[in-house]
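Work through the exercises below with the model open. Try each task before reading its solution.

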Amino acid sequence: MVSNGSDGTGRRPVIGLTTYLEQAKQGVWDVRAAFLPQQYFDSVTASGGIAVLLPPQPEPDAAAGAVLEGLDGLILTGGLDVDPSLYGAQRHPLTDPARPERDAWELALFRGAEQRRMPVLAICRGLQLVNVARGGTLHQHLPEALGTERFRVGGGVFATNEVVVDEGSRLAELVGPGGLDVHSYHHQGIDQLGARLIATARTDDGLVQAFESDGEGYVLGVQWHPEENREDRRLFAGLVAQASVYAVTGSRSSSERGTSETKRAQPGSRSLSERPSSSSGTASETKRAQRGSRSLSERPTSSSGTASETKRAQPSNGVLA
């Protein structure tokens, strides 16, 4: 049953979802194509929204502004790893090959959404990209940091893990506080948390599994894949509800707002939109831990997980999560 995401005028909110741009086969054709698994847009429509797919654009900054004017909410979807050069790190041998078109496009969309205070839901790769955009860093291969493959067993099979949701958080308002079983498929994760982000869920090994923005606007990121659970659309329903409000009260163009809205970064925690390219980043830019967000190197490691868990044979593992 489709929930009613109407803004009160009968208009359903329009939600943009970022897509892959990869080589794909269909019949006799073998071409680069933009695509996204159906589970994502089914989750939006089942929650009362209208799903619009957003493939990477050749001029991302110019295109993002035009695209966002037609949206009420944004979902940054899952996919291959964020380029480590964006957070000043050397590439790990098991990090996926860079997708600069997608990185640039999603960073432009996120920056534009922030300026407009448009509600954002960031899923898996999306959470990692938002963290990087806010000046945070990532662990490039969690089995080395945690000693377990528990978050990606491989073969296109989603692992089940329990996360603990903080009471009083926006996430808890949607799914309740305490333990929550989620679908995982990732080998990277948050190291240092970005500026103005608050961790709101973790696994028992200390890894941040969800965050939200501590300022104005709605930014909610989860490391898991809520689109894989057809019985639980609460995160999508929450975004659609926020998008319905935005459609009525917040859909002014960014040019109508004061430029102060783009300058909310805390001192010493500049976002990517405020600093030079990561290739010139300094070591100090990777040490901006926020309150309650210690890096994994400061926490006990976990030995959970079994040797039978499958290790990926290729950087991309052939799975587009």
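**Exercise 1. Find the contact that the Arg116 side chain makes with a backbone oxygen.**

Solution. Start at the side chain of Arg116: it reaches the backbone oxygen of Gly112 at 3.1 Å. This is a polar contact, a pair of N or O atoms within 3.5 Å; within protein, one must be able to donate a hydrogen and the other to accept it, and residues adjacent in sequence count only if both atoms are side-chain atoms.

Arg116 sits in helix H3, residues 100-116. Helices (H or I, at least four residues) and strands (E, at least two) are DSSP runs, numbered from the N terminus.

Last, check its cover. Arg116 is buried, because its relative accessible area is 5%. Buried means under 20% relative accessible area, exposed over 50%, and partly exposed in between (1.4 Å probe, protein chains only).

A note on the source: this is a predicted model, in which local features need pLDDT of at least 70 and side-chain atom pairs count only at pLDDT 80 or more, while totals for chains, interfaces and linings use all residues. Residues are numbered from 1 along each chain as its sequence is written, and side-chain values use heavy atoms, with hydrogens and water left out.

**Exercise 2. Describe helix H3: how many residues does it have, and how many of them are buried?**

Solution. Take the span first. H3 has 17 residues and reaches 24 Å from its first C-alpha to its last. That is close to the expected 24 Å at 1.5 Å a residue. The expected span is 1.5 Å times one less than the number of residues.

Now the burial. Twelve of the 17 residues are buried, so H3 is largely enclosed by the rest of the structure. The buried residues include Arg102, Asp103, Glu106 and Arg116. Trp105, Leu107, Leu109 and Phe110 are also among them.

Then step past the end of the helix. Just after H3, Arg117 takes a positive phi of about 55°. Arg117 is a residue other than glycine. It lies in the loop between H3 and strand S6 (120-123). Arg117 is partly exposed, because its relative accessible area is 33%.

**Exercise 3. Trace the salt bridges. Which residue pairs with Arg125?**

Solution. The whole structure has twelve salt bridges.

Arg125 meets Glu106, at 3.1 Å from N to O. Arg125 lies in helix H4 (residues 125-133) and Glu106 in helix H3, so the pair ties together parts 19 residues apart in sequence. Both Arg125 and Glu106 are buried. Widen the view: Arg102, Asp103, Glu106 and Arg125 form a network of salt bridges.

Move to Asp72, which pairs with Arg11; their closest N and O atoms are 2.9 Å apart. Asp72 is in the loop between helix H2 (60-68) and strand S5 (73-76) and Arg11 in the segment before strand S1 (14-18), so this pair ties together parts 61 residues apart in sequence. Asp72 is buried at 3% relative accessibility, and Arg11 is partly exposed at 35%.

Finish with Arg234 and Asp232, where the closest N and O atoms are 2.8 Å apart. Arg234 is partly exposed at 35%. Asp232 is buried at 18%.

**Exercise 4. Locate Arg196 and Arg202.**

Solution. Arg196 is in the loop between strand S10 (189-190) and strand S11 (197-202). Its phi is near 60°, a positive value in a residue other than glycine. At 11% relative accessibility, Arg196 is buried.

Arg202 belongs to strand S11. At 22% relative accessibility, Arg202 is partly exposed. A polar atom of its side chain lies 2.9 Å from the backbone oxygen of Gly206. The C-alpha atom of Arg202 is 5.5 Å from that of Val164, 38 residues away along the chain.

**Exercise 5. Survey the chain. How many helices and strands does it have?**

Solution. Count the elements: seven helices and 13 strands. Then turn to burial: buried residues make up 52% of the 321 residues. Finally, take contacts, meaning heavy atoms within 4.5 Å. Among contacts between residues at least 6 apart in sequence, 73% join residues at least 24 apart.

Methods. A salt bridge is a side-chain nitrogen of Lys or Arg within 4 Å of a carboxyl oxygen of Asp or Glu.
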